[in-house]
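Q: Could you help me learn to read a structure, one feature at a time?
A: Gladly! Let us look at it together and take your questions as they come.

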Amino acid sequence: FAPARTRAPALVRTFAAKAHGEAPNPTPRGFVAHSGAVRCYKEVSVDRHPSGEYAVLLDRKSIKTPARRPLLLPNETLAYAVAAEWDAQRKTVRPHLMPIMSLASTVIDRVDDKMTLIRRLLKFLETDTVCYRAERPEALAEAERTTWDPIVQWFNQHYKCELATTSSLLGVAQPSAVFENVQASVFDQSVWRLKAIESLASCGKSSVIAL
């Protein structure tokens with residue numbers, strides 16, 4: 001993971017040592033981030049958990065989520081991304097500057113099944129930002145056409161459907177194929193990927209852009 005190697009070369013050296021057989025040494029209590037907490041750790045490292053997942057360690061102590069569950073990540077890349085966020089903290093720990101850590105904690109603590117996330121994605125499609133267009137001023141209408149039309153075209157081709165767009169305040173109903181095809185397409189995605197997509201959709205009020 002390039003950013004981790006650039007910003008935290010110690011992480012790479014630590015992982016390399018572990019790859020040659022050094023045993024993990026997590027602690028039962030772990031570390032939970034609190035806003036404004038003084039940074040009390042020196043070394044940030046990544047370790048392979050017996051489950052096959054990856055853990056981020058602070059001075060060899062495992063991190064826990066706000067619900068005090070073990071922070072176990074599905075792949076090495078994501079683990080290094082979280083580790084880089086922890087390593088970037090200076091005198092105090094600022095969780096609002098750790099979006100990937102926050103996302104990972106949300107998946108572990110709050111996501112029980114992928115259908116909940118899929119339903120949220122489908123809900124955004126009902127009033128998706130790219131489907132509601134301005135008529136005036138012309139400069140805005142042209143900007144929307146230039147920016148959003150290629151995205152809508154891609155969506156229609158990829159999901160084999162036709163999104164309806166409107167400039168009416170009354171809204172527009174999307175064809176059933178839009179919801180059916182999207183659900184079928186994303187159903188096999190992991191809960192981690194679905195949460196990332198759902199978070200993007202929430203930010204822009206658009207599943208079309210997020211997908």
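Q: How many residues lie between β2 and β3 in the hairpin they form?
A: Keep in mind that this is a predicted model. There are 5 residues between β2 and β3 in this hairpin, and Gly52 in the turn has a positive phi of about 100 degrees.

Q: In what sense do β2 and β3 pair, and over how many bridges?
A: β2 (residues 44-48) and β3 (residues 54-58) pair in the antiparallel sense, and 5 bridges join them.

Q: How many of the residues of β2 are buried?
A: Of the 5 residues in β2, 4 are buried, so the strand is mostly covered.

Q: Which residues of α4 are buried, and what do they pack against?
A: The buried ones include Met101, Ala104, Val107 and Ile108, and Asp109 is also among them. As for their partners, the buried residues of α4 pack against β5 (72-73), α3 (76-88) and α8 (191-204).

Q: How far apart are the closest N and O atoms of Lys123 and Glu126?
A: They are 3.2 Å apart, and the two residues form a salt bridge. For the general idea, an α-helix has 3.6 residues a turn, so residues three or four places apart point the same way. Here Lys123 and Glu126 are 3 residues apart in helix α5, which means about one helical turn separates them. Lys123 counts as exposed because its relative accessibility is 53%, while Glu126 is partly exposed, with a relative accessible area of 36%.

Q: Which residue forms a salt bridge with Arg120?
A: Glu198 does, with the closest N and O atoms 3.9 Å apart. This pair links distant parts of the chain: Arg120 is in helix α5 (residues 114-126) and Glu198 in helix α8, 78 residues apart. Arg120 counts as partly exposed at 37% relative accessibility, whereas Glu198 is buried at 8%. There is a network here too, in which salt bridges link Arg120, Lys195 and Glu198.

Q: Where do Arg133 and Asp149 lie?
A: First, their side chains meet in a salt bridge of 2.9 Å, N to O. Arg133 lies in the loop between α5 and α6 (138-159) and Asp149 in helix α6, so the pair ties together parts 16 residues apart in sequence. Arg133 is buried, with a relative accessible area of 15%, and Asp149 is partly exposed at 34%.

Q: What is a disulfide, and how many does the structure hold?
A: A disulfide is a covalent bond between the sulfur atoms of two cysteines. The structure holds 0 disulfides. Cys131, for instance, is in no disulfide, and its nearest cysteine sulfur, that of Cys161, is 9.7 Å away.

Q: Is Cys131 buried or exposed, and what about Cys40?
A: Cys131 counts as buried because its relative accessibility is 0%. Cys40 counts as exposed, at 54% relative accessibility.

Key: Residues are numbered from 1 along each chain as its sequence is written. This is a predicted model: local features need pLDDT of at least 70, side-chain atom pairs count only at pLDDT 80 or more; totals for chains, interfaces and linings use all residues. Side-chain values use heavy atoms; hydrogens and water are left out. Buried means under 20% relative accessible area, exposed over 50%, partly exposed in between (1.4 Å probe, protein chains only). Helices (H or I, at least four residues) and strands (E, at least two) are DSSP runs, numbered from the N terminus. Contact means heavy atoms within 4.5 Å. A disulfide is a pair of cysteine sulfur atoms within 2.5 Å. Two strands pair if DSSP finds at least two bridges between them. A salt bridge is a side-chain nitrogen of Lys or Arg within 4 Å of a carboxyl oxygen of Asp or Glu.
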